[in-house]
Structure formats: structure tokens, C-alpha cells
Amino acid sequence: MSKQTDDFFKNIISHAKEYGFVFPSSEIYDGLSAVYDYGQLGSELKNNLKAYWWKAMVQLNENIVGIDAAIFMHPTTWKASGHVDGFNDPMIDNKDSKKRYRADQLIEEKIDRYEKDGKTDKAAQLQKDLDDALNADDLARLKTIIEEHNIVCPVSGTKNWTEVRQFNLMFATQMGAMADGAEQVYLRPETAQGIFVNFLNVQKTGRMKVPFGIAQIGKAFRNEVIARQFIMRMREFEQMELQFFVRPGSELEWYNRWKETRLKWHLALGADPAKYRFHDHVKLAHYANAAVDIEYEFPFGFKEVEGIHSRTDFDLKQHQEYSKKKIQYFDTEINQNYIPYVVETSIGLDRLFLTVLANSLVQEDLSTEDKQDSRVVLKFHPAIAPVKAAVLPLTKKDGLPEKAREIMNSLKLDYNIQYDEKDSIGKRYRRQDAIGTPFCITVDHQSLEDNTVTIRHRDSMEQERVAVDQLGTIIGNRVSLTNLLKELV
Ligand code: GAP
């Protein structure tokens, strides 16, 4: 990361904290690694992002329904899904610093370094060696690679490494009394399995016909070995997942459709299209026949925000085998029973939140010949902005606060509105810019005479005088989720 991008990323983190978007978890006890709390504005933004996803999936598609499955699931679920045996990261410890690393990430960092130094052949060979070792599950080879390439611990600077071991990422806990009968259960590492185990319930009770989808938003937990980059890699995070069940043989067509649909959904939020790209998986999981990531260019480079996977019939088949319950669908159009194939779209809400912050945070220089000036603005799409408008009486007297409160009371029935009468109007505008409020409504003495106010637009900073009874329409047109959804249909 260059100094400039590093500073920008630090600005995002400090801005998020300063204005009540994201706080380190249990901060008064010095925080908990890779766990974060969403503050008063962060939760509003998160709720708006969830509503955008949910409505785009469930409301706009008559063949998609949403569920809310429990976080705890029968432990056999995770045996069937492959998580008990295969949801591992290769990990290595440095004996001097006592720090733990993901062996593959240490090697990837070395590849990056070779590339930066122009040693492209060396980088390509190392990438191949890494891929071969990972594909063969050869942990000893990973250690040899680390030694051969003189990879040292970033903290101690030594090569005093332990063996590479597999580390399961699931959090386990006990359900029931502590006595012998207590059962080991897991905090779900993905929401997808809650959908698979409910396939029959939803299909039958909802009389769903293939192709159809089940959507879900919920928490997931992973004991990430290396958790870093703020809310990018967390131990507790939130996913928004869709499992779309299709007739076998049609999955790649649906996969391509979902790829386009999902990218369009991201772009409608207003980001520069050049900031997004598809990254096709070259190495596919054994159950997948196609997989792609939608990546966003964060200050630290292009990284995955959403995964789209054609998962074949792997999950339903596994649950059929482990549960011994027939999980099939009778397709009346072709008179056949089959286990549907699945196309999954899986987006991390926290990563999406970070893309939105990174995409919206702007420092603008407003200096003129006479005066130096600048402002920090969060240029959120108005439909997801945490606060839609602020009502500001020009002064604290002459009946202006009362008039402002009257306006606020009528708008708050539809929108999240703030009232602010403290400090100069300029300072108040800046405060609202910094939290991304699209409109500031200023109530002045003229308002008392003709029932008009000025409305200031966040991005252009232009002001116009409008009648109070037009405010609902003006604000509604810009902040309504409906208009954003219209771009998708
Ligand atoms: N059901 C498929 C699945 O879980 P994944 O690629 O492991 O696939 C999907 O995760 C998405 O969840 C990722 O694209 C990412 O946005 C988010 N995600 C995964 N691990 C995360 C973590 N530790 N912290 C924050 N988000 C995470």
C-alpha cells in the first residue's frame, strides 16, 4: 500500500469511529480482535444496505423467498457440508515472536514482493509451487517453500518456524448442561447451510417451482487466523446469501445471469464501474463447476466482496445422505425427480459496508483566493444514507426552533431526520456532510412568513427555496429505495 492509500484507509477507519459508524468491540476493555460494533449511524447504513439487498432479491423476484434460520444447527449439518473436515487454514507459528500466520498468506506476500521487484518469473514459479502444495494438501511442502524463499517473521525477523498445521475455522461451543450429555455445536461459518436444510420445508410450504431461490441475511462466525484490514476480515460478520435452485444442466446459464444481475446491483449504488471487476476462480472447489468473485478496488487493492458459485447438487446430496431423508424435487414439466443444482450468490455485508465507505468518503478543497477551506463529505447514494435530511433553524429564537420542529415532526414519519440548532449554520452543514446527509433544510425568518425553507444539496452545495409542503416529494424522490430498485428491473 502506498503512503497515500494507507492514509486514505486510516482516514476511513478514523472517520467511521469519529462519526458513530463503527467502533472496536468492547473498546473500554481495549477491544476484541477482529470484532466490531456498529454505532448509531453504522446500524442505519447497514439496515439500509440490507433492505436494498432484500428487496432486490425477495421483493423483485416472485420466485425468491427469504428465511431466517437459527445460528445454531444440528452438528451433523457441518459434517455433511464438509466444514468439520475441510474448513481449515494452514497455519504456522514463529517460535521467537510467538506470532501465528497463515502459511499460504506468507507465501502470497512473498509473491507480491517478487512482482513489485520485477522478478516476474520467480513470482510465477512460486505461485505454481504454492498452488501445487495447496491442491495436494501438502503441509510439509508449504513449510519447505517458506524456508527455501527465506520468508521471515515480520515481527521477530527470524526463520524459526514450527511445522505447518491445519486449523479449523469454526467456533465450537457446548449446548445443554456441562455434564456428559452436552453436545458440541458450532456457530455457523456461513448462512448457506440454514437454507439447504430448509429446502424441502420452503419448497413444499411455499409451493415453489424450480427455478426458485431462498435468500437469507444473518451472522456468520469464523475463527480467522489472521484477522485484519478493519471490517474486511472479521471473526463475527454478516452474510447475505441466495441459494438459487435450478434444473440440472441449466446451472451455467443461471450462473451467468446471476453474475450480471449482481454486478448491476453493486453499480446501481453509484460506484465508478472501474472499481469493480470479476475474478474467475481458476482452482474450483471439488463440488463447484464455476465460481467467480466480484472484487472491489479497496485502498489495499482489488479484493472479494461477493462470491458467485455454481455448487452443483453437492450440498443437497450431502444432506440427503447424512440425514437419510430424500431431498428431491419432482419437475412436472419434464416428469422427472431430481436433486436441484444450486447457484449461490454470497455477499459479506461488512465488506459491502466498507466498499460504500471507501467509495463515498471525499475530502474536497473549497479554498478561494481569499480563504482556505475544505470539507469532508460522505457522498452516499441518498437511498442508503443513514440520515436523509437535517432540519436546522437559523437561530435559536424568534419561533424558528418551533417551526423547524414542526417540519421535522411531519418528515420523521417517513424518513430518518436530525434536528440541529447548535453552532453556526456553516458548521452544521459540515457536520451533516461528514455523515452523508443528502439534504439540509434551513428554517429562517422568511419561513414564518411564507412557509418556505431553503434546501441545501449535499453534493453540489447548491441551495434553493422551496415550499414546506413540497419537502416530502423532493426528499422522497431522491432518497427512495424504489427509485434505486427501478434501475434493476
Ligand atoms: N456460502 C459461501 C461462502 O460463505 P465465502 O467466499 O467463504 O463463501 C462469502 O464468503 C462472502 O462472505 C465473501 O465474499 C465475503 O464478502 C464475506 N466474508 C467471508 N469471510 C469473511 C470475514 N471473515 N469477514 C468479513 N466478511 C467475510
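Reader: How far apart do the C-alpha centres of domain 2 and domain 3 lie?

Author: This is a predicted model, and the C-alpha centres of those two domains are 54 Å apart. Domain 2 covers 88-168 and domain 3 covers 378-486. Domain 1 is written in two pieces, 3-70 and 190-357.

Reader: What does the C-alpha trace of the protein span along its principal axes?

Author: The spans are about 80 × 65 × 50 Å.

Reader: How many helices and strands does the protein have?

Author: The secondary structure comes to 17 helices and 23 strands.

Reader: What percentage of the residues in the protein is buried?

Author: Buried residues are 49% of the 489 in the protein. The word has a cut-off: a residue is buried when its relative accessible area is under 20%, and exposed when it is over 50%. As for the surface, the protein exposes about 23700 Å², and carbon and sulfur atoms supply 48% of that area.

Reader: Is His 286 buried or exposed?

Author: His 286 counts as exposed because its relative accessible area is 71%. Its place in the chain is the loop between β11 (276-280) and β12 (290-298).

Reader: And is Ser 310 buried or exposed?

Author: Ser 310 has 0% relative accessibility, so it counts as buried. This residue is in strand β13. The side chain of Ser 310 makes a polar contact of 2.5 Å with the side chain of Asn 289. Beyond its neighbours within four places in sequence, Ser 310 touches several residues, among them Glu 251, Tyr 255, Tyr 287 and Val 343.

Reader: How should I read a helix, and which residues of helix α16 are buried?

Author: An α-helix has 3.6 residues a turn, so residues three or four places apart point the same way. In α16, residues 471-479, the buried ones are Leu 471, Ile 474, Ile 475, Gly 476 and Val 479.

Reader: What do the buried residues of α16 pack against?

Author: They pack against strands β19 (389-393), β21 (439-443), β22 (452-457) and β23 (463-467), and against helices α13 (400-411) and α17 (481-486).

Reader: Next, the backbone. Which residues does a cis peptide bond join?

Author: The bond between Val 210 and Pro 211 is cis, with omega about 5°. Pro 211 sits in the loop between α9 (199-205) and β9 (212-221).

Reader: What is phi of Asp 30?

Author: Phi of Asp 30 is near 75°, a positive value in a residue that is not glycine. Asp 30 belongs to the loop between β1 (22-24) and β2 (36-38). It counts as exposed because its relative accessible area is 76%. Asn 451, also not a glycine, has a positive phi of about 55°. Asn 451 is in the loop between α15 (445-450) and β22. With a relative accessible area of 33%, Asn 451 is partly exposed.

Reader: Last, the ligand. Which of the residues around the ligand come nearest?

Author: There are 19 residues around the ligand, and those that come nearest are Glu 190, Glu 224, Glu 241, Glu 304 and Val 305. By class, the shell has ten charged, five nonpolar and four polar residues.

Reader: How much of the accessible area of the ligand does the protein cover?

Author: On its own the ligand has 550 Å² of accessible area, and the protein covers 90% of it.

Reader: Which elements give two or more residues to the shell around the ligand?

Author: They are β10 (236-246), β13 (301-312) and β16 (341-348). Strand β13 gives the most, with five residues.

Definitions and conventions. Residues are numbered from 1 along each chain as its sequence is written. This is a predicted model: local features need pLDDT of at least 70, side-chain atom pairs count only at pLDDT 80 or more; totals for chains, interfaces and linings use all residues. Side-chain values use heavy atoms; hydrogens and water are left out. A residue is near a molecule or strand if one of its heavy atoms lies within 4 Å of it. Accessible areas come from the Shrake-Rupley method with a 1.4 Å probe; for residues, only the protein chains shown count as cover. Helices (H or I, at least four residues) and strands (E, at least two) are DSSP runs, numbered from the N terminus. Ala, Val, Leu, Ile, Met, Phe, Trp, Tyr, Cys and Pro count as nonpolar, Asp, Glu, Lys and Arg as charged, and the others, Gly among them, as polar. Buried means under 20% relative accessible area, exposed over 50%, partly exposed in between (1.4 Å probe, protein chains only). Domain bounds come from an automatic or database domain assignment. Contact means heavy atoms within 4.5 Å. A polar contact is a pair of N or O atoms within 3.5 Å; within protein, one must be able to donate a hydrogen and the other to accept it, and residues adjacent in sequence count only if both atoms are side-chain atoms.
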